[in-house]
Structure formats: C-alpha cells, structure tokens
Amino acid sequence: MKKTLILSLVLAVFLCGCAERRESVSELLPNNAADDLDIADSPESLAESEESTVKLSREGKSLVGVWYNSENLSEEWVFSEDGIVVIDGTAHNFSAGRSLMRKKFYIRIDGERCYIDDFYGGCDKIAFQFGDEKITLLAADSAEFRETEKQRLYETECAELFARYPDNDGWTKQFDCGDIPLLADADYIERSAAQGVFLVSTPQELASFCWYVNTQECVIAFMQLTADIDLEGYDWAPMGWAGDHPFNGMVDGAGHTISNMKIAGFSDSGFIGWETFCYLGNISFADAKVQGGMAGIAAGQAIGGTYENVQVSGEVNGSSAGSMLGWDANCTKKNCTADVLVNGEKFDFLSFNDKEKSEIVIENPVEITIDDNHTVTRPEVEGYRNLGWVVIYNGEQVLDRNAENELSYTYFYTAPGEYEIYLNAFVQGQYVPISNTVSYTIQ
C-alpha cells in the first residue's frame with residue numbers, strides 16, 4: 001500500500017511537469033541582456049518539467065530582429081517582441097521554448113513546432129527543421145549574411161566580368177572588395193591588356209585595373225593616369241594582397257591626382273596593399289582615408305619598391321602605419337612628401353619603419369675603413385644579427401649584401417659618381433646602420 005502511494009505521487013508530479021508553461025513573447029525575449037539564457041547553461045529548474053518555454057537568445061543577441069533564408073536571400077523573416085514573425089511579407093504567430101525530452105530548443109510558428117538544430121556565431125545563424133524542410137536563417141547584421149549577399153550580388157551584377165576574367169585566386173572570397181567588382185568593365189580590361197597598358201581616366205577604369213591585378217595569376221601590369229580621378233562615394237580596395245598575390249607592376253600618375261580614396265579593413269592597406277619591387281611615380285593622393293594593419297596611403301606593405309615624385313595627404317590608422325608607406329623594406333623614395341595624420345597625430349616620416357629606425361640608438365658604432373682600392377674592411381662584430389654591406393650610389397641604395405662571413409668587401413661597380421658604404425644589422429625589429437659611413441668618388 002505504501003509503495004503504491006509513492007508511485008502515484010511520482011506519476012502526479014511527472015504529469016504536472018509535462019504541462020507546457022507559456023509566457024508572453026515580450027517576457028521570453030526582453031531587451032535586458034542580463035536575463036539572457038545561454039543555451040549551454042540551462043537552469044536546474046528546467047529539469048523539473050519535460051518542456052518549459054525559455055527566452056531564445058545567446059550572448060546578448062535575441063531572436064527578435066531581421067533574418068534571411070540562406071538559400072533564398074530575398075526571403076526575409078522579421079521576429080518582433082509582440083509574438084509576430086513576418087515571413088516574406090506574411091504575418092504569423094510565434095513563441096519560443098525548449099523541450100527537455102528531446103533536449104532541443106524550438107520555435108512555434110502558427111502552432112507548428114520547429115526544432116532548432118544549432119546556433120552559430122553568437123546567434124548570428126540559426127538552423128532549424130520546419131516540417132520536412134531544413135532552414136538556415138542568417139542575421140541581417142551578421143558577417144556571413146553580408147558575405148553571402150555580396151556573392152549573390154556579384155553573380156547577378158557582375159556575371160560577365162566573372163565569366164571573362166574570373167577570380168582565379170579567390171580575392172573576392174577572402175576580402176571585402178568594395179565597389180571594385182561593380183565598377184570594373186570586362187571590355188575595357190580586354191582592350192587594355194591587349195595593348196599592354198591601362199590608360200586610366202575614370203573610377204571605372206581604375207577599378208578595372210585593380211580587378212585585373214587582383215584576380216589574374218602572375219600578372220605584371222602597367223597603368224598610366226590620363227586625368228585626375230575623384231573616388232568620393234566609392235568603397236575602394238588595395239591592389240596586391242597578402243598571400244601569394246603581390247603587386248609588382250608599374251603605375252605612372254603623369255602628374256595627376258587621385259582624391260578622396262577610402263580603404264579600410266585590410267591587413268595590408270593602401271592604394272597598393274602588398275608590393276614586391278613595383279614602381280609608383282609622378283602621382284598625388286589628396287584627402288585619402290586609409291585604415292588597416294600595415295597601412296599607408298601609397299602602400300601598406302612595401303618590399304623593394306621605387307616611389308618617385310609621390311605626394312600624399314589625408315589620414316592613416318593602423319598598427320604598423322605610416323604616411324606614404326606602412327611597413328617597408330629596401331624601398332627607394334625620391335622626391336616624396338607627406339601631409340598626413342597617422343593614428344591621429346602629425347607624422348614626420350614617410351613610413352612606419354622610418355619612424356621606428358629614428359628611435360633606435362646604436363651605442364659604440366662599429367668602425368669600418370676603406371683603402372685606396374675602395375675595399376671596405378670591418379672588425380669582428382658581436383651582438384648583432386644579419387650583418388650586411390649597404391652601398392649607396394648617387395644618393396640611391398643599390399646593394400644590400402650579406403656580410404656575416406665577410407670582413408672586407410669591394411663594390412664591383414666602377415661607373416663615375418659618388419659612393420657610400422656602411423654596415424647595417426637587424427636591431428629591435430628594424431634594419432639600421434650600425435657603423436660609420438665611408439665614401440669615395442669615381443671621376
């Protein structure tokens with residue numbers, strides 16, 4: 001008798017727990033992020049019933065808002081706090097809850113329960129089963145929705161461009177390419193590539209050159225400006241990007257100006273993103289705004305390039321930011337000027353590295369000597385990495401040669417002119433002179 005009574009009490013408690021408790025959606029989905037229930041941390045009280053409605057949210061982001069079907073981005077879902085979801089223009093009632101028996105969250109739409117398979121990215125994406133159909137919704141403010149929408153836009157608006165000049169290296173999938181694909185003209189690219197030079201006078205033609213450089217494999221391209229270009233109102237993107245796609249072509253501004261260039265969100269950010277031994281000359285950039293990691297108005301990461309008669313003005317922000325160039329190595333800069341705020345402050349150097357080098361002090365410089373045969377000799381050196389001979393000819397660096405195992409060196413070039421030689425090394429993240437400079441003249 002006692003055993004039967006206990007079983008009856010347990011059954012009664014279980015049946016009470018199975019009754020579905022409903023709350024208004026405004027209670028389920030309030031704006032107060034402090035009350036949010038993370039799906040990974042269910043309260044113990046939920047274990048007392050088979051099913052209990054809960055607020056469907058995660059990391060401070062609730063279901064309330066605008067979503068899009070990942071398979072059909074034109075299909076919009078708008079969840080509101082008053083218990084209404086508008087799907088593709090039609091209103092339905094909805095609520096949210098959790099089934100402890102199936103250990104899944106769900107939403108009810110017009111009474112039909114749809115079990116949620118998973119949350120992703122802090123509730124930026126939700127996958128659930130709606131009848132026999134599996135649906136994935138992307139939050140309108142999520143990065144994945146923006147990327148998916150961008151690719152759909154490219155497929156519809158840029159179909160001919162992608163067909164004739166496909167993105168062979170995946171530039172559009174890895175980066176936000178701004179307005180470049182929407183402006184680029186496949187016919188102009190074909191004509192210009194055939195003649196071997198891009199003659200550029202409009203934003204559309206400049207975008208076409210950028211597209212050609214960034215999507216075609218192993219391209220060495222040449223461009224000449226034939227007019228000033230105003231990029232006001234356009235989201236721009238650099239030429240050349242980190243990985244295996246540097247820009248190593250030539251740009252001649254022919255005395256023209258590119259104004260109001262805006263570039264943001266790249267690890268290598270500037271008119272040129274990443275370059276290896278390119279040429280940029282006779283050009284001005286006015287009122288540019290550049291933001292990124294390695295960032296500069298002319299180039300973000302510059303390796304071995306030549307910059308001649310380049311003038312820049314505007315603002316640059318980044319972790320390795322300079323005025324004309326961001327991070328640079330072995331670049332030639334001739335007759336270049338800058339009037340740029342870098343990270344909000346006046347910047348008196350042309351590159352991030354120039355500023356870093358200016359702050360390095362070499363105590364007790366190495367003493368090198370030169371004889372009548374122009375042979376330079378150094379003593380044994382300790383405490384330095386990557387020793388090198390640097391040769392300057394008529395004001396331009398023409399050689400940076402490893403000197404680790406050379407106590408003496410004679411430069412092979414004997415043309416008339418002024419020569420300077422010094423020893424450099426890798427110090428505090430930069431290559432800087434660590435010796436005196438010796439010089440000679442050949443008549």
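The residues lining the second largest pocket divide into five nonpolar, two polar and four charged; here Ala, Val, Leu, Ile, Met, Phe, Trp, Tyr, Cys and Pro count as nonpolar, Asp, Glu, Lys and Arg as charged, and the others, Gly among them, as polar. This is a predicted model, in which local features need pLDDT of at least 70 and side-chain atom pairs count only at pLDDT 80 or more, while totals for chains, interfaces and linings use all residues. Residues are numbered from 1 along each chain as its sequence is written, and side-chain values use heavy atoms, with hydrogens and water left out.

That second largest pocket has a volume of about 260 Å³. Helix H3 (residues 143-157) gives the most to its lining, with six residues. Helices (H or I, at least four residues) and strands (E, at least two) are DSSP runs, numbered from the N terminus. Among the other lining residues you will find Gln-174, Phe-175 and Asp-176.

Pockets and cavities are found on a 1 Å grid over the protein atoms alone: a cavity is a set of points where a 1.4 Å probe fits but cannot get out, and a pocket is an open set with protein on both sides within 12 Å along at least five of seven lines; lining residues have an atom within 4 Å of a point. Grid points are joined across faces, edges and corners, and a volume is the space filled by probe spheres set on the points.

Now turn to the largest pocket, with a volume of about 690 Å³. Of its 29 lining residues, Asn-330, Lys-357, Gln-397, Tyr-422 and Tyr-431 lie nearest its centre. Strand E28 (396-402) gives the most to this lining, with five residues. By class, the lining has 10 nonpolar, 11 polar and eight charged residues.

Phe-175 also lines the largest cavity, together with residues including Trp-171 and Trp-241. About 50 Å³ of space lies in this cavity. Strand E16 (residues 262-269) gives the most to its lining, with three residues.

Two strands pair if DSSP finds at least two bridges between them; E19 (residues 299-303) and E21 pair over four bridges. Ile-303 stands opposite Ala-329 in E21.
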